[in-house]
Amino acid sequence: GFDVLILGAGSAGSVLAARLSENPALRVGLVEAGAMPDDPDIAVPQKWPALQGRAFDWAYATLPQPGTAGRIHPWPRGRVVGGSSCLHAMAHVRGHPDDFEAWAAATGTRRWSYDGLLPAFRRSESFSSGANAPPGGAGPLHGGEGPLPVYLPDAELSPVVRAYMEAGLALGVPHLGDHNGRSLKGVAANSLTIRDGRRVSAADAWLVPALDRPNLTLITGATVERLELEGSRVTGATLARDGRTEPVFADTVLICAGAVASPLLLMRSGIGAPAVLAKAGVACRLASPDVGENLHDHLLAAGNLYRARRPVPPSRLQHSESLMYLDAADPTRGEGAPDVVLACVAAPAVSECFSAPPPGEAYTVLCGVTHPTSRGRLAITGPDAADPPLIDPAYLTTEHDRRSFVRALQRAREIGHHAALAPWRAEELLPGPAAVTEAELAAFIARAAITHHHPVGTCRMGADPGAVVDADLRLNGLDNAYVVDASVVPAITSGPVHAAVLAIAETFAADFTA
Ligand code: FAD
């Protein structure tokens, strides 16, 4: 048996395995359904969209979404050592300090506030030493010695993306510099988890350098079927490997299977809403009605598409090179958390509902809502890991989200039509000049929206008895089981969530070993 058993070697699991095994007295086991990454395309930043659907993608799909014209949304998730950090788009955005106030309020502790997390953010990263880095690279807000390189590009930026950034500045959007300070609204190139032109996954950064420690055991190709419970304790888990099942035992279990798989694993283990479990044929061991609830995600409208008047050079980074966070009502305002986001892609980007010119002949301004209020749920359909889940993010089911999205699209078009982009713009293709009224824009958004790949919230942390985990991330109702991954996020941050997931894991590890 292990002292600590970590289930899932994704972003959070990689951090935890490395940090906890720094203590040689702790025997740490790490279980992963996938294998070590062996596809060379994973490391190539430009290829991230092409990785979806390969053997190391769980390739989930949502239920048809009434809010998005009845469409089914593919949800890629990494099934590989490194998890979704092997598939993701490498943008590193902590979030706005106000985002974490919601976490602090939910849990009643400052540990989950921005300042509470700041040591973990700094510990996780080695901030860029490139031309755009703050003097000395690291500083009070940026780490200089953490495992994860955070690179702020300059010379490699696409000329189209530069023109979009200039359009923002010309409209009075503040100059931001980078996305990982205390302000988030403004114009900045994306900070990227790239070193020497190659993706650095959470496994590359944390786990791989720790794999030769004698007290750390990585078990790959093993799917966790369920947790084994005895009274209020978890004794271990049942793994399925090479067509057989085998038990694994531990004193403490950390569930790190991600925002989709962690609640499913709990439900298969009999932990969840009694009615959901009964429907799936699973005996209830611990009633925890909010397991799988509070599912939410960012959407992006793909997109406000322009035909280019001259060839658009391919991105030398990861296509979407500059997220621009804004106050939709007043884009010149720098204070506070944003409510919408834009992004310029140096390529045609559209949903499956539309066609686009070939690469090199078009570019796109994406847009989205930073703090959606729509909340959905997910559920198991049967007792086995192979039973397909029901995933319902309830996209665009609130008036707030639909209305904010229209504002975001209006801002996207304002930037897209700005004189600073005139050297690149031939004509707007989507939604096209005929789309003018709010109803027309809303109808376009419903068909254009795609996931920004940030599902969170399905094992939310909180001080209330209904929360799935408490402020220490301990599963309510069990003594020695914790959830540590994107599922504990009670309310989504303004931007991509990876940096926050890493900080959750760093914070948990520091507290656990203290
Ligand atoms: P994961 O990293 O998904 O790890 C879960 C692990 O558990 C996986 O390795 C999985 O195989 C394993 N697992 C699951 N079930 C089982 C089981 N039953 N048995 C054994 N193992 C199991 N975020 C950003 O900040 N910036 C971005 O640019 C960005 N772009 C994205 C693009 C894409 C296509 C995707 C998919 C995500 C993107 N994200 C981005 C989101 C970010 O990658 C995730 O939020 C983050 O990686 C989640 O970490 P996690 O530890 O919660 O889960």
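In which strand does glycine 303 lie? Glycine 303 lies in strand 17, which covers residues 299-308, where strands (E, at least two residues) and helices (H or I, at least four) are DSSP runs numbered from the N terminus. This is a predicted model, in which local features need pLDDT of at least 70 and side-chain atom pairs count only at pLDDT 80 or more, while totals for chains, interfaces and linings use all residues. Residues are numbered from 1 along each chain as its sequence is written, and side-chain values use heavy atoms, with hydrogens and water left out.

**The whole chain**

Begin with the protein chain in cartoon view, where the secondary structure comes to 10 helices and 25 strands. The radius of gyration, taken over C-alpha atoms, is 22 Å, and this is close to the 24 Å that the globule rule (2.2 Å times the number of residues to the power 0.38) gives for 514 residues, so the chain is as compact as a globular protein of that length. Along the principal axes, the C-alpha atoms fill a box of roughly 65 × 50 × 45 Å.

If you colour the chain by burial, 60% of the 514 residues count as buried, where buried means under 20% relative accessible area, exposed means over 50%, and partly exposed lies in between, using a 1.4 Å probe and protein chains only. Among contacts (heavy atoms within 4.5 Å) with a separation of 6 or more, 70% are between residues 24 or more positions apart.

**The ligand and its shell**

Valine 80 takes part through its backbone, with an N or O atom 3.2 Å from an oxygen atom of the ligand, and serine 84 has a polar side-chain atom 2.7 Å from a ligand oxygen atom. The protein covers 98% of the 1,000 Å² of accessible area that the ligand has on its own, an area that comes from the Shrake-Rupley method with a 1.4 Å probe.

**Helix 6**

Keep helix 6 selected and ask how many of its residues are buried. The count is 11 of the 11, so helix 6 is largely enclosed by the rest of the structure. Among the buried residues are Gly258, Pro263 and Arg268. After the helix comes glycine 270, whose phi is positive, near 90°.

**A buried aspartate**

Move to aspartate 41, in the loop between strand 2 (28-31) and strand 3 (60-61), which counts as buried at 16% relative accessibility. The side chains of aspartate 41 and arginine 54 are joined by a polar contact of 2.8 Å. Leaving out residues up to four places away in sequence, aspartate 41 touches Lys47, Leu51 and Arg54.

**Backbone features**

Most residues other than glycine have a negative phi, and most peptide bonds are trans. Return to glycine 303, which a cis peptide bond joins to alanine 302, with omega about -20°. Another cis bond runs from leucine 430 to proline 431, with omega near -5°, and proline 431 lies in the loop between strand 23 (425-430) and helix 9 (438-448).

For positive phi, select aspartate 242, where the value is near 50°; aspartate 242 lies in the loop between strand 13 (233-241) and strand 14 (244-255) and counts as exposed at 70% relative accessibility. Then select alanine 394, with a positive phi of about 55°, in the loop between strand 22 (390-392) and helix 8 (399-416). Alanine 394 counts as buried, at 11% relative accessibility.

**A last stop**

Finish at alanine 102 in helix 2 (residues 97-107), which is partly exposed, with a relative accessible area of 33%. The C-alpha atoms of alanine 102 and isoleucine 492 are separated by 9.2 Å, although the two are 390 residues apart along the chain.

Definitions and conventions: Polar contact = N/O pair within 3.5 Å; in protein donor to acceptor, adjacent residues only side chain to side chain.
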